[in-house]
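Here is a short tour of one protein model, written for someone who likes to keep the structure open while reading. Have the viewer ready, and follow along from one spot to the next.

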Amino acid sequence: MGKVTGFLEFNRLERKYAPVAERLKHWNEFVEALSTEETKVQAARCMDCGIPYCHTGCPVNNQIPDWNDLVYHSDWKAAAQNLHSTNNFPEFTGRVCPAPCEAACTLNIDDVPVAIKAIECAIADRGFEEGWIGPQPPETKTGKRIAVVGSGPAGLAAAQQLARVGHDVHVYEKNSKPGGLLRYGIPDFKMEKGIIDRRVKQMEAEGVTFHCNVHVGKTITAKELEDSYDAVLLAGGSEKPFDFFTAATGRDLDGLHFAMDFLPQQNRRVSGEVPPAITDAKEILAKDKHVIVIGGGDTGSDCIGTSLRQGAKSVTQLEIMPMPPEKENKALSWPHWPLKLRISTSQAEGAKVEYSVSTTHFSGEDGKVKKLHYVHMDSKLQPIPGTEAELPADLVLFAMGFSGPVEDDLIGELGLPVVARGRFKGIEANEQDYKVPGQSKVFAAGDIRRGQSLVVWAIREGRQAAQSIDKFLMGKSLLPR
């Protein structure tokens with residue numbers, strides 16, 4: 001490493017956030033980037049640890065020590081090239097990834113991991129600012145045509161990889177703009193949508209064709225794609241939400257909504273996009289309401305931040321699991337992702353979080369929800385008698401995760417088996433070739449295959465599926481896995 005003793009000399013420094021009172025007034029990103037010099041110092045902390053577990057902590061296997069060393073030596077262009085060799089969209093992961101690489105960092109044994117996520121984002125943003133990141137069109141075309149269904153991170157990564165080796169790639173997206181849940185699920189205050197538009201323009205210059213407002217399995221049939229293309233990649237995500245309250249009293253009251261009915265509406269308001277027919281639904285707003293968010297994950301936090309910016313009277317988040325410990329047991333967890341208490345930026349903006357709580361039913365007036373009824377749970381997730389209580393609720397948002405892909409469109413048309421993997425379901429395709437069994441030219445990657453997961457896992461799946469498709473069409477492939 002360029003600064004062998006850097007980890008001994010310099011303290012960990014993370015990006016700061018704009019004050020809560022200020023950032024709640026707008027929908028823009030509020031993370032304040034480190035200066036160039038501060039980023040170099042943080043890169044200098046990457047120690048010569050011998051076994052860089054950050055490589056395996058990162059699903060796309062970023063060569064983290066290499067580009068940290070390049071940043072420390074001010075070779076930002078080479079750092080950007082190195083970073084993009086494993087990750088097509090580091091500006092996405094540098095904003096929304098929970099950074100399992102930092103959990104795996106050797107310095108995390110002492111709770112001071114290298115600020116990998118901040119450095120990654122700085123490299124990507126500087127690459128665009130300096131003009132180093134541009135289209136990479138192929139020198140020759142193969143004459144092969146590939147359809148990618150879904151333009152989330154898996155579909156985008158696969159499309160870009162396949163276009164760069166000369167295939168004619170067409171991406172089909174049921175919404176008005178590409179991006180999938182990157183665009184319609186993640187709020188703008190976490191990632192502004194110009195970040196996606198920038199990449200879409202690059203990909204179009206590389207030869208990728210986007211077909212928006214086209215719902216495969218409804219607008220056009222999957223068979224039409226099979227007849228028109230040499231290979232079809234299914235990358236439609238995992239969009240069927242869990243609903244544990246179908247039999248609960250009051251489930252039919254007005255004011256109970258899934259998170260993914262709520263979040264996309266606000267994203268469309270911010271962008272000025274008119275909702276298409278497929279998302280035509282009643283307007284959902286949190287202004288002047290007591291909001292309850294059921295679910296303690298990232299989607300729940302996104303609902304909190306969105307509700308607060310809309311002017312909610314109060315926001316309470318309910319989590320059925322016990323409150324995690326403030327500090328993990330390193331001897332048991334490192335270098336794996338630890339279970340510990342994490343306060344999201346949205347939670348810190350003013351939400352009340354309740355742990356070990358299970359919703360029992362809802363009650364209301366004039367057909368509208370007014371109260372959420374719950375009970376406290378013990379360590380075995382069993383109700384504790386006598387702990388029943390209620391909360392005022394004008395808007396209840398279900399953010400309990402996604403059970404699997406929607407099955408009434410192309411999956412139903414193709415008759416594809418959707419198999420259970422624990423709590424989640426996905427198309428039956430393996431990680432060796434991503435090919436769907438029983439299909440001659442159909443592949444699957446991302447959440448539609450493995451179940452709901454991280455953006456960085458979707459990028460990995462898209463890249464690996466691209467390599468498999470290229471090998472399937474050409475007999476061999478130079479694309480990395």
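Helices and strands here are DSSP runs numbered from the N terminus, with at least four residues (H or I) for a helix and at least two (E) for a strand. Ile320 is partly exposed, at 36% relative accessibility; buried means under 20% relative accessible area, exposed means over 50%, and partly exposed lies in between, with a 1.4 Å probe and protein chains only.

Together with Met321 and Leu381, Ile320 forms a nonpolar surface patch of about 230 Å² accessible area. Patch members have over 30% relative accessible area and no salt bridge, with nonpolar side chains (Val, Leu, Ile, Met, Phe, Trp, Tyr) joined within 5 Å and like charges within 9 Å. The areas come from the Shrake-Rupley method with a 1.4 Å probe, and for residues only the protein chains shown count as cover.

## How to read the model

This is a predicted model, in which local features need pLDDT of at least 70 and side-chain atom pairs count only at pLDDT 80 or more, while totals for chains, interfaces and linings use all residues. Residues are numbered from 1 along each chain as its sequence is written, and side-chain values use heavy atoms, leaving out hydrogens and water.

## Strand β3 and its partners

Next, please find strand β3, residues 145-149. Four of its five residues are buried, so β3 is largely enclosed by the rest of the structure. Strand β4 (residues 168-173) runs parallel to β3 and is joined to it by five bridges, with Val148 opposite Val171 of β4. Strands count as paired if DSSP finds at least two bridges between them.

β3 also pairs with strand β6 (residues 231-234), again in the parallel sense, over four bridges. Here Val149 stands opposite Leu234 of β6. With helix α10 (residues 153-164) in the path, β3 and β4 make a right-handed β-α-β unit: with the strands pointing away from the viewer, the path from the first strand over the helix to the second runs clockwise.

## Salt bridges

The structure holds 33 salt bridges, each being a side-chain nitrogen of Lys or Arg within 4 Å of a carboxyl oxygen of Asp or Glu. One of them joins Glu283 and Arg269 at 3.6 Å, N to O. Glu283 lies in the loop between α14 and β9 and Arg269 in helix α14, so this pair ties together parts that are 14 residues apart in sequence. Glu283 is exposed at 56%, whereas Arg269 is partly exposed at 29%.

Another bridge joins Glu328 and Lys340 at 3.8 Å, N to O. This pair links distant parts of the chain, twelve residues apart. Glu328 is buried, with a relative accessible area of 8%, while Lys340 is partly exposed at 24%.

## Aromatic pairs

There are 13 aromatic pairs in the structure. Among them, Phe362 and Phe398 form a tilted pair, 6.1 Å centre to centre with 50° between the planes. Phe362 lies in strand β12 and Phe398 in strand β15, so the pair ties together parts that are 36 residues apart in sequence. Both residues, Phe362 and Phe398, are buried.

Rings of Phe, Tyr and Trp (its six-membered ring) pair if their centres lie within 6.5 Å; planes under 30 degrees apart count as stacked, over 60 as edge-to-face and the rest as tilted. Ring pairs also link Tyr17, Trp27, Phe30 and Phe189 into a cluster.
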